[in-house]
Amino acid sequence: MNSPNVPQSGHEAVPAAADGVPAPSLAGATTGKAVVPVGGPSAPIVGVVGAGQLARMTQQAAIALGVDLRVLANSRDESAAKVIVDTRLGDYRDLADLREFAKGCDAVTFDHEHVPTEHIRALLGEGFAVHPGADALIHAQDKAVMRERLTAIGVPCPAWTPVSSAADVEAFAEAHGWPVVLKAVRGGYDGRGVWVCSSIDEAREPLESGVALLAEAFVPFERELAVLVARSPHGQGVSYPVVETVQKDGICVEVIAPAPGLSEEDAAAAQHFALKIARELGVTGLLAVEMFATKSGLVVNELAMRPHNSGHWTIEGARTSQFEQHLRAVLNLPLGSPSLAAPVVVMVNLLGGSDPNVFSRYEHVLANDPGIKIHFYGKDVRPGRKIGHVTALGTDLAAVRARAWHAADCLKGPADD
């Protein structure tokens, strides 16, 4: 997967370090000036807008790097607000709150993509360092803008068009066939805001929802892949190994690193697409590119410009976690090695069950497999809610998957009748 011949930078191939581990490219890293005075009298401050589990897990990396993390939360009960001392309460939709939050930060970044684009532009105009910037983040906020731009730069995407009426959907289906995938242009995630419609009758509900929609041709994919890349303001870029993601009811339930059975040629193509997108869109920080693998090649599905569920495995499974990498990138520091820490890594999301007493099952899981790693997000347990994840590492894919699923199933508790 991480062949020395596979470029991990948008500029040049990655040289091998002395220990044989591929080192990230330093192309572009010797020019310009770092945002923070590393080793200076005060720690750099990174402000994260949003206080969900992504900000919570970023705190672990911040501690090791000597970075002070600040979060903007809606309430003290949010995931990251429970563990980060410098928590500020405010509304991410309010420019005055954002401006006050950003004061004193060396860099401002995001736990989610919902901050109004015009507010990000205003902060940038006032001299705040915001990563990613508005011109990049809009592609993760607005699916129509994303599709238009990716198509323009030659990235393979599904056929698509904006729609607002049944006639629009019927015309699209006549050209591309049923089913038609309708997507909310803004705001959808974890399967929300996506409707796979086999007829015009099934399309009426989203058409009457009042949200702006686009239609996409249904892609008969063989499996789903994801590539996580990082890019700094210097222009240095690195790519993590391509992973396979497994979805159920629109929610990612499992990530396998590296994607099993993926050829070096296809892995390199996926990484090149992701690095190209990061470069062309001007992304700074992390970029997750979700793709469909089809019989005729790769098709890009979604983008996210922040740490991502498809990269949680990197906490234990990579030499540099996605959270540390994101901090390095937004602070314009040299990026870390994205190499695997084990031949096989499997992450399984922990979804809540009917029994909320998860900790009562800790003893069995930890005693059964001392090598399993458990992460909880500090959220109340509700059936189907993503409350944490488990990670297993090893050499045999079947064995590692079995360990990860056993732990997740035990923690979830008995199956509902």
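By class, the 18 residues that line the second largest pocket comprise eight nonpolar, five polar and five charged residues; here Ala, Val, Leu, Ile, Met, Phe, Trp, Tyr, Cys and Pro count as nonpolar, Asp, Glu, Lys and Arg as charged, and the others, Gly among them, as polar. The structure is a predicted model, in which local features need pLDDT of at least 70 and side-chain atom pairs count only at pLDDT 80 or more, whereas totals for chains, interfaces and linings use all residues. Residues are numbered from 1 along each chain as its sequence is written, and side-chain values use heavy atoms, with hydrogens and water left out.

The second largest pocket holds about 360 Å³ of space. Closest to its centre among the lining residues are Lys248, Val253, Leu351, Trp405 and Lys412. Two or more lining residues come from each of strand S12 (251-257), S15 and H12, and H12 makes the largest contribution, with four residues. Pockets and cavities were located on a 1 Å grid over the protein atoms alone: a pocket is an open set of points with protein on both sides within 12 Å along at least five of seven lines, a cavity is a set of points where a 1.4 Å probe fits but cannot get out, and lining residues have an atom within 4 Å of a point. Grid points are joined across faces, edges and corners, and a volume is the space filled by probe spheres set on the points. Helices (H or I, at least four residues) and strands (E, at least two) are DSSP runs, numbered from the N terminus.

Helix H12 (residues 397-412) has 16 residues and spans 22 Å from its first C-alpha to its last, close to the 22 Å expected at 1.5 Å a residue; the expected span is 1.5 Å times one less than the number of residues. Within H12, Val400, Ala404, Ala407, Ala408 and Leu411 are buried. These residues lie on the same side of H12 because they cover an arc of only 95 degrees around the axis, the arc being that of the directions from the helix axis to the C-beta atoms. Buried denotes under 20% relative accessible area, exposed over 50%, and partly exposed the range in between (1.4 Å probe, protein chains only). The cover over the buried residues of H12 includes strand S15 (344-351), helix H11 (362-368), strand S16 (373-376) and strand S17 (386-394). Gly413 follows H12 and has a positive phi, near 105 degrees.

H1 has 13 residues and reaches 19 Å from its first C-alpha to its last, close to the 18 Å expected at 1.5 Å a residue. The buried residues of H1 are Gln53, Leu54, Ala55, Arg56, Met57, Thr58, Gln59, Ala61 and Ala62. They pack against strand S1 (45-49), strand S2 (68-73), helix H9 (314-317), helix H10 (322-330), S16 and S17. Just after H1, Gly66 takes a positive phi of about 75 degrees.

In the protein as a whole there are twelve helices and 17 strands, and 55% of the 417 residues count as buried. Among contacts (heavy atoms within 4.5 Å) between residues at least 6 apart in sequence, 63% join residues at least 24 apart.

Several backbone features fall in loops. The peptide bond from His131 to Pro132 is cis, with omega near -5 degrees, and Pro132 is found in the loop between helix H3 (117-125) and helix H4 (134-141). A cis peptide bond also joins Ala257 and Pro258, with omega about -10 degrees; Pro258 is placed in the loop between S12 and helix H8 (264-281). Asp249, although not a glycine, has a positive phi of about 55 degrees and lies in the loop between strand S11 (243-248) and S12. Asn332, likewise a residue other than glycine, has a positive phi near 60 degrees and is situated in the loop between H10 and S15. Asp249 counts as exposed, at 72% relative accessibility, whereas Asn332 counts as buried, at 6%.
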